[in-house]
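Colleague: I would like to learn how to read the features of a model such as this one. Please take them in turn, general idea before particular case.

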Amino acid sequence: MSKNEQVMVLEPSSELRFRGPFTDVVSSNLKLTNPTDKKICFKIKTTAPRRYCVRPNSGIVDPNSSVNVSVMLQPFEYDPNEKNKHKFMVQTMFAPPGDIDQETIWKDASGSDLMDSKLKCVFELPVDSQQQGGKDTQTKPNIKPTEARVQSPAKASNMSEADYRRVMEECKRLQSEVNHLKQENNVLRDDGVRQRRTASADEDSYNPHVVKQQQQQASGFPPVLYLVLAVFFGIVLGKFVL
């Protein structure tokens with residue numbers, strides 16, 4: 001039994017093109033036009049239902065009017081060597097009289113009432129991405145290790161060799177002066193410490209209290225001990241006299 005000829009006009013008529021990159025959702029539009037004077041029901045199917053989202057995937061097209069269908073390809077890792085076999089089929093039939101239930105109309109439809117059109121999916125990459133991929137695969141020229149030389153600081157800073165030497169000599173001279181100043185500072189600091197110690201010793205030598213303490217320490221017996229001994233001898237002598 002031959003199939004009925006499709007009366008719905010599809011744009012595009014044979015393939016849906018999806019232009020990458022495919023790291024995000026990519027959409028392709030399908031326009032359905034009803035050129036007749038009757039309502040036409042449509043339903044869209046695909047061989048890869050998990051890879052696509054179709055809005056609307058079914059509905060009714062009024063006479064002499066159109067409906068735009070958005071087919072959205074979900075993100076995936078594109079492999080140009082992988083053969084694409086994804087296809088879509090648009091089924092149509094004239095709407096029956098009365099109220100239409102989209103859930104039951106297709107179950108109750110007879111095969112002789114159905115019309116269908118098939119479209120294949122085509123994946124395309126932008127021209128820039130293809131050129132970039134070609135550049136990445138080009139062979140890079142071999143460079144010998146002897147050709148790779150490190151630039152001197154003078155060349156890296158656009159400075160002549162003579163100016164560079166003068167700058168380095170001036171840096172060395174300034175560094176020498178800094179070291180000399182550090183040495184003089186250390187000498188002055190040591191002299192200041194010795195002078196403070198000498199001044200402290202001179203003040204102690206002219207202080208009577210300090211001199212007396214030094215003499216007492218040199219004698220070995222403090223004044224209190226002398227007083228105790230005197231009292232002791234006085235008591236002993238008093239006993240003998242009595």
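This is a predicted model: local features need pLDDT of at least 70, side-chain atom pairs count only at pLDDT 80 or more; totals for chains, interfaces and linings use all residues.

Colleague: Which residues have the most contacts inside the largest nonpolar core?

Modeller: A nonpolar core is a set of buried Ala, Val, Leu, Ile, Met, Phe, Trp, Tyr and Cys residues joined through side-chain atoms within 4.5 Å. Buried means under 20% relative accessible area, exposed over 50%, and partly exposed in between, with a 1.4 Å probe and protein chains only. Here the largest core has 24 residues, and F18, L30 and Y52 have the most contacts inside it. Strands that each supply at least two residues of this core include β3 (26-34), β7 (65-73) and β8 (87-94). Strands (E, at least two residues) are DSSP runs, numbered from the N terminus.

Colleague: What is L30 in contact with?

Modeller: Contact means heavy atoms within 4.5 Å. Leaving aside neighbours within four places in sequence, the contacts of L30 include L10, P12, I44, V67, V90 and L119.

Colleague: What is the strand order in the open sheet?

Modeller: Two strands pair if DSSP finds at least two bridges between them. The open sheet has five strands in the order β2-β9-β8-β4-β6, with mixed pairing. Its edge strands, β2 and β6 (58-61), each pair on one side only. Neighbouring strands of this sheet are turned by 25 degrees against each other on average, direction ignored; the axes are lines fitted to C-alpha atoms, and angles in general run from 0 to 180 degrees between N-to-C directions. Within the sheet, β8 and β9 pair in the antiparallel sense over six bridges. K87 stands opposite K120 in β9.

Colleague: How many aromatic pairs are there?

Modeller: Rings of Phe, Tyr and Trp (its six-membered ring) pair if their centres lie within 6.5 Å; planes under 30 degrees apart count as stacked, over 60 as edge-to-face and the rest as tilted. By this rule the count is nine. The rings of F22 and F76 have centres 5.2 Å apart and planes at 40 degrees, so this pair is tilted. F22 lies in the loop between β2 and β3 and F76 in the loop between β7 and β8, so the pair ties together parts that are 54 residues apart in sequence. The rings of F22 and Y78 are also tilted, with centres 5.1 Å apart and planes at 40 degrees. F22 is buried at 3% relative accessible area, whereas Y78 is partly exposed at 27%. Ring pairs link F18, F22, Y52, F76, Y78, F88 and F123 into a cluster.

Colleague: Which ring does the charged end of K38 sit over?

Modeller: A charge sits over a ring if NZ of Lys or CZ of Arg is within 6 Å of the ring centre and within 35 degrees of the ring normal. K38 has its charged end over the ring of F94, 5.4 Å from the centre. R51 lies over the face of F76, at 4.6 Å from the ring centre.

Colleague: Is Q91 buried or exposed?

Modeller: Q91 is buried, with a relative accessible area of 12%. This residue lies in strand β8.

Colleague: Where does T36 lie?

Modeller: T36 lies in the loop between β3 and β4 and counts as buried at 17% relative accessibility. Not counting residues up to four places away in sequence, T36 touches V7, P63, N64 and F94.

Note on methods. Residues are numbered from 1 along each chain as its sequence is written. Side-chain values use heavy atoms; hydrogens and water are left out. Helices (H or I, at least four residues) and strands (E, at least two) are DSSP runs, numbered from the N terminus.
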